[in-house]
Amino acid sequence: MMKVKYFWATLTALLLFSCDDNTGSLGLNLFPDSDKNIKGHLAVYDVTTSSQLSGAVFAKTNVGYLGKFTDPYFGYYEAGFLAQLNCTDSLTFPSVYNAETNPSGIMVEDKSFATELVLTYPIGGYFGDSLTACHLSVYQLDKVLDKASAHYTDIVPENYYNENDPKSLIGQKAYSALDLSVSDSTKALSTYYPAIRISLPNEIGQKILDESRICEKNGTNFAERFKDLFKGVYVKCDYGDGTVLYIDAIELNVAYKFYVKDSLNNIVKKKYETDADGNPVDSILYSARTFAATKEIVQANQFKNNNVKINQRLAETQWTYLKTPAGIYTRAVLPLNQIEKELSSDTINAIKLTLNHYTQDNDYNKYQYSISAPTYVLLIREKDKEEFFEDNKLPDNLTTYLSMHNSGGNNTYTFSNLTRLFMICLAEKKAAKVEAGSSWNEQDWLAANPLWDKVAIIPVLVNYDTSTSQNIISVQNDLQPGYAKLKGGDPENGGQKLQVEVIYTSFNK
C-alpha cells in the first residue's frame, strides 16, 4: 500500500495546482507491480524572462482601429485601416419607372442621389477621451489588397493608393467618439449605434450604378466587376490625439430616390402637398444599395508606435512587459534540460507557472486614460507564434495555453499544468538524438534550435460562440491598448527569477 503521508502530500499538491489529466512520464510507461515505494514530491525550477519587441503582428480581424493616443510610458501610437468592400452576387438596382415602357419600375431617375461611407462602432467601442476633437481622411485604393501579406500591422497604405494624386482623397470628416449632435433620447434606443458618416463624391455612386446597368444588360456578373471598379478605402486619423475607435462595420451606401407605390402598383400621392397647378405630389422616398466590409474580404490595420519609448521599456531589465497593440511580449526560457536531467526516471503529474504583474505606478494612475492589463494571454512555443495566428488556430493545451487575468487582489496570469508542453519539447529533442545516432552533438543541436526551450507570453483577444459564451471560436492578437509590467527580468541586472512548480512521483527512491 502507498505510504499515506506521500499519498496525501501528492493529493494536496495536485488540488492546489488545479491540475487536469495532462500528465506525462519522462521515464516510465508502466507502473511497477508493487507501488509500496511510490513517493510524491514538489520541486521548483528557475525560469528566466525578458521583454521582446513584437514588431509587426498578424492582425486578421473584422475590426478597424482608428485614431491616435499618447501614453506617458509607451509614447504615442496611431492606427488606421484599409478595407475592401463586398458586393453580393444578387445585388442589383431597381429599374427606373416609366409610365409607358416600365410602369413596374420604382426609381425616379437613373441617378445616384448621394454616396457615403459609414463607419459604425459599438456604444463604448473606443479607448480614451470621448470628446477629443478628431479629423479623418478617406482615400480610394487603386490596388487590390494582397491577401497573403495584408494582414500584418506594418502594412504600408501608400502602396495601395497614389498619395500624390489629389483625386485619391475622396472624403474628410471631423468627429468625436461621443457624438453630441445626437439627442439623449436617440442614444437610449436599443437600435442606436454610433456612426461616422462621410460624404463621398457622388460620381463614385453614379459610376457604380452605371456599371451595374451595363452588367445587367450584358448578363455579366456585377459582383466581379465591382472588385475592379472600387478596390477599397484607406481611412486614417490626421488630427486629434486621445481617442481610438473600434470600427466594427464599414459600409459604402449608394442612395437613390424611388416612388412609393400601393398594392396595385400605383404611385401613392401625398395628401397635403400639391404642385403649382394644384395636383397632388408623388410620394418619393430614399433608399440605398450597400456594399459592406465582410469577413470574406480583406481588411488590414496599420499601427505605428513610438519606438523611442518602446525601446526604453525594452532596456529595463528589472522586469518584463506586455504591451499592445503590436508592442512588447514576454519571452520565458523553460528549464527543460534540468528537468530532463533530474526527473528522467520519474512521472510528472503537474507543472505550474504563475506570472505576477506589478500594480500600476501611482504617477501612471493619475493619468486620466491609463491603459489596463490585457484580459487574456497566450503561452505558446515561440517558434510557433506566427503560424498559430496565421492559421487561425485555437489553444490545444499541448503547445498553446490560455490564461485569464486574475485581478482579484493578486494580479496574476496562471498556467496550471504545462506538463504536455514539457513532454513534447523533450520528446522533440529525444527524436533528434535518435535520428542523429552516434553523430549526436547536443550543443550543436541547441545552437541550431535556439527557440526550442522558449515560450512567448502574448496578449490576445478571445472570441466566444455567442450562443453559449463558452466555446472559443477564435484567438487573435490583442490590438486594443493594454499593458502589464511582469515580475521577472534579468536576475544579474536587478530582475528576479521566476519558478515553475513541479509535482512528480518517484518509485523506489
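Alanine 326 sits in the loop between β17 and β18; helices (H or I, at least four residues) and strands (E, at least two) are DSSP runs, numbered from the N terminus. This is a predicted model, in which local features need pLDDT of at least 70 and side-chain atom pairs count only at pLDDT 80 or more, while totals for chains, interfaces and linings use all residues. Residues are numbered from 1 along each chain as its sequence is written, and side-chain values use heavy atoms, with hydrogens and water left out.

Alanine 326 has a positive phi of about 45° although it is not a glycine. Its relative accessibility is 14%, so alanine 326 counts as buried; buried means under 20% relative accessible area, exposed over 50%, partly exposed in between, with a 1.4 Å probe and protein chains only. In that loop between β17 (319–324) and β18 (328–333) we also find proline 325, and the peptide bond from threonine 324 to proline 325 is cis, with omega near 0°. For context, most residues other than glycine have a negative phi, and most peptide bonds are trans.

Another positive phi, near 55°, belongs to asparagine 397, in the loop between α8 (385–390) and β21 (400–404). Asparagine 397 counts as partly exposed because its relative accessibility is 36%.

Next, valine 260, in the loop between β12 (249–259) and β13 (269–274). At 23% relative accessibility, valine 260 is partly exposed. Leaving out residues up to four places away in sequence, valine 260 touches Asn266, Ile267, Val268, Ser283 and Leu285, contact meaning heavy atoms within 4.5 Å.
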